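Please look over the structure below before reading this briefing, which takes up its pockets, its surface, its backbone and its charged pairs in turn.

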Amino acid sequence: MKAVITGDIINSRKVASGLWLEDLKQVLNAYGSEPKDWEIYRGDSFQLVLAAEKALEAALIIKATIKQYKELDVRMAIGLGEMEYIAEKITESNGTAFINSGECFEELKKQTLGIKTPWKDFNSSFNLLFSFVLMVADNWTSTSAEILKKALENPEFNQSQLAQALNRKSQSSISASLKRAGYEEIKNMIAFYKQQIQKQ
């Protein structure tokens, strides 16, 4: 079972792409290599293929990466399924994971994150959960997004290690930012997602 994340950057023209593009590539590189596992096309759209259980965490790290830029946001669709054909370039590969991701992306209206899998109940539960999480995530400040990204990428760090890694003075400001960003709830949702994937 594979996941395909299809995404595009909202308001991409408002910020010089040289700034956010490198950050996005860095995150995508953590999950695979270009162009087999990920590709950026049309300047501000991207696709990433990865293990199904890692997809939600990856999507949230991508969102936190892009939200570090005040004017930007990102729309993403996670599709789960099989990969029937694996090409040299991800944009030429196909299978139900790609179809589900593409269809889910087309159906995203105002919501910036959606999921489509072979399991109906799973889809309705998680799309509902996303709608609540996005009430917070769509409003992350650039500071919260930066701290949250570092925390999600380094789950073993405690708050003083985070403060050090981010060159922030106080642990209490880290703590307040993580709370505002909904870090604990997001961590719980990612764990719940992984648990549910393993049950399928």
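About 150 Å³ of space lies in the second largest pocket, and the largest pocket holds about 200 Å³. The model is a predicted one, in which local features need pLDDT of at least 70, side-chain atom pairs count only at pLDDT 80 or more, and totals for chains, interfaces and linings use all residues. Residues are numbered from 1 along each chain as its sequence is written, and side-chain values use heavy atoms, with hydrogens and water left out.

**Pockets**

- A pocket here is an open set of points on a 1 Å grid over the protein atoms alone, where a 1.4 Å probe fits and protein lies on both sides within 12 Å along at least five of seven lines; lining residues have an atom within 4 Å of a point.
- Grid points are joined across faces, edges and corners, and a volume is the space filled by probe spheres set on the points.
- The second largest pocket is lined by Gln26, Val27, Ala30, Tyr31, Lys54, Glu57, Ile61 and Glu153, and its largest share, four residues, comes from helix H1.
- Helix H1 (17-31) and helix H2 (55-66) each supply at least two residues of that lining, where helices (H or I, at least four residues) and strands (E, at least two) are DSSP runs numbered from the N terminus.
- The lining of the second largest pocket has four nonpolar, one polar and three charged residues; Ala, Val, Leu, Ile, Met, Phe, Trp, Tyr, Cys and Pro count as nonpolar, Asp, Glu, Lys and Arg as charged, and the others, Gly among them, as polar.
- The largest pocket, with about 200 Å³ of space, is lined by 13 residues, of which Gln159, Leu178, Lys179, Tyr183 and Glu184 are the closest to its centre.
- Helix H8 gives the most to the lining of the largest pocket, with four residues.

**Surface patch**

- Leu128, Phe132, Met135 and Val136 form a nonpolar patch with about 420 Å² of accessible area together, an area that comes from the Shrake-Rupley method with a 1.4 Å probe, where for residues only the protein chains shown count as cover.
- Such patches are made of residues with over 30% relative accessible area and no salt bridge, with nonpolar side chains (Val, Leu, Ile, Met, Phe, Trp, Tyr) joined within 5 Å and like charges within 9 Å.
- Leu128 lies in helix H4 (residues 120-137) and is exposed at 52% relative accessible area, since buried means under 20%, exposed over 50% and partly exposed in between (1.4 Å probe, protein chains only).

**Backbone**

- A cis peptide bond, with omega about 0°, joins Glu34 and Pro35, and Pro35 is found in the loop between H1 and strand S2 (38-41).
- Asn11, in the loop between strand S1 (2-10) and H1, has a positive phi near 65°.
- Arg42 has a positive phi near 50° and counts as exposed at 70% relative accessibility.

**Salt bridges**

- Nine salt bridges are found in the whole structure, each being a side-chain nitrogen of Lys or Arg within 4 Å of a carboxyl oxygen of Asp or Glu.
- Glu103 and Lys116 meet in a salt bridge at 2.5 Å, N to O, linking helix H3 (residues 96-107) with strand S5 (residues 113-116).
- Asp73 and Lys67 form a salt bridge with their closest N and O atoms 3.7 Å apart, and Asp73 is buried at 10%, as is Lys67 at 7%.
- A network of salt bridges links Lys63, Lys67, Asp73 and Asp138.
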